[in-house]
Amino acid sequence: MEYFVQQLFNGLTLGSIYGLVAIGYTMVYGIIGMINFAHGDIFMLGGFAALIVFLVLTSIFAGLPVAVLLLAMLVVAMLMTSLWNWTIERVAYRPLRGSFRLAPLITAIGMSITLSNFIQVTQGPRNKPIPPMVSSVYQFGNISVSLKQIIIIVITAVLLTIFWYIVNRTALGRAQRATEQDRKMAALLGVNVDQTISITFVMGAALAAVAGTMYLMYYGVASFADGFTPGVKAFTAAVLGGIGSLPGAVLGGLMIGLIESLWSAYFTIAYKDVATFAILAFVLIFKPTGILGRPEVEKV
């Protein structure tokens, strides 16, 4: 039982990271009906931005408190990825918004390849390790809980609460929901649709940057290829929970993390990705819109 609880906590930690990235997918899909396949690479860029801040600050200020260092990494990563995603939306996606549906999809895949290769060329193809930032471990009987796991879960819970409040209780959130329902009508009612969409991309990038920083802190390594596999799993989480649903993205991320952790603990680790996608297919057979997804209503 203790071993099960240990893996449960490990899965929640990993699922928290997936959930943060999945929210970016579901927000963009909800507001413009497009899958931003470059979002996984925005997550990877956030990790590299945090890595660079870590290396610069630790080389200049020896003995800098971990809390200050982590805060600086988060802030810079969020700013950098927000700028990147804002630029991508303006340059690559906005001109194709009224085009046929495959054009933005092709562009998103192209942007993903561009970002991945850009980091590979500028930072090199090798993995970039960092020394452990947080090494404290707490024992609860035979269950080990590291401080970095607690930090990841707490930061995820706080950010999700903040973003839920923004979407459901602020003027920006009302503009986002109006744009999601009907862009033309929202524009007629005075909503700046282009600005609202850009802000949505920025919000998704900020969450991906936090996830990238947490991923770097948890595993202690960054790679230019980190955007692909975690990005695909986060997209899977968004689909599993119900694409377009913020709670669904979080639920899907937690489920993916738990499936991976529990499968790796009790079965061969080589098939953990197979198990994840098999469960996704099984769920979608009986619930095509995802667990918390709503069926689309065709407007006539």
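Reply: Go ahead. Ground rule to start: contact means heavy atoms within 4.5 Å. This is a predicted model, where local features need pLDDT of at least 70, side-chain atom pairs count only at pLDDT 80 or more, and totals for chains, interfaces and linings use all residues. Residues are numbered from 1 along each chain as its sequence is written, and side-chain values use heavy atoms, with hydrogens and water left out.

Me: Which residues of H9 and H10 meet?

Reply: On the H9 side, Lys233, Thr236, Ala237, Ala238, Leu240 and Gly241; they meet Gly248, Ala249, Gly252, Gly253, Met255, Ile256 and Glu260 in H10. This contact divides into six nonpolar, five polar and two charged residues. Gly counts as polar here; Ala, Val, Leu, Ile, Met, Phe, Trp, Tyr, Cys and Pro are nonpolar, Asp, Glu, Lys and Arg charged, and the others polar.

Me: Why is H9 called oblique to H10?

Reply: H9 (residues 228-241) and H10 (residues 246-266) pack at about 120°, axes 7 Å apart. Under 35 degrees is roughly parallel, over 145 roughly antiparallel, 65 to 115 roughly perpendicular, and the rest oblique, so H9 is oblique to H10.

Me: What makes S2 and S3 a pair?

Reply: Pairing takes at least two bridges found by DSSP. Antiparallel strands S2 (residues 137-140) and S3 (residues 143-146) are joined by four, so they pass. Tyrosine 138 stands opposite valine 145, and glycine 141, in the hairpin's turn, has a positive phi of about 70°.

Note on methods. Helices (H or I, at least four residues) and strands (E, at least two) are DSSP runs, numbered from the N terminus. Axes are lines fitted to C-alpha atoms, for helices over the stretch in contact, and angles run from 0 to 180 degrees between N-to-C directions.
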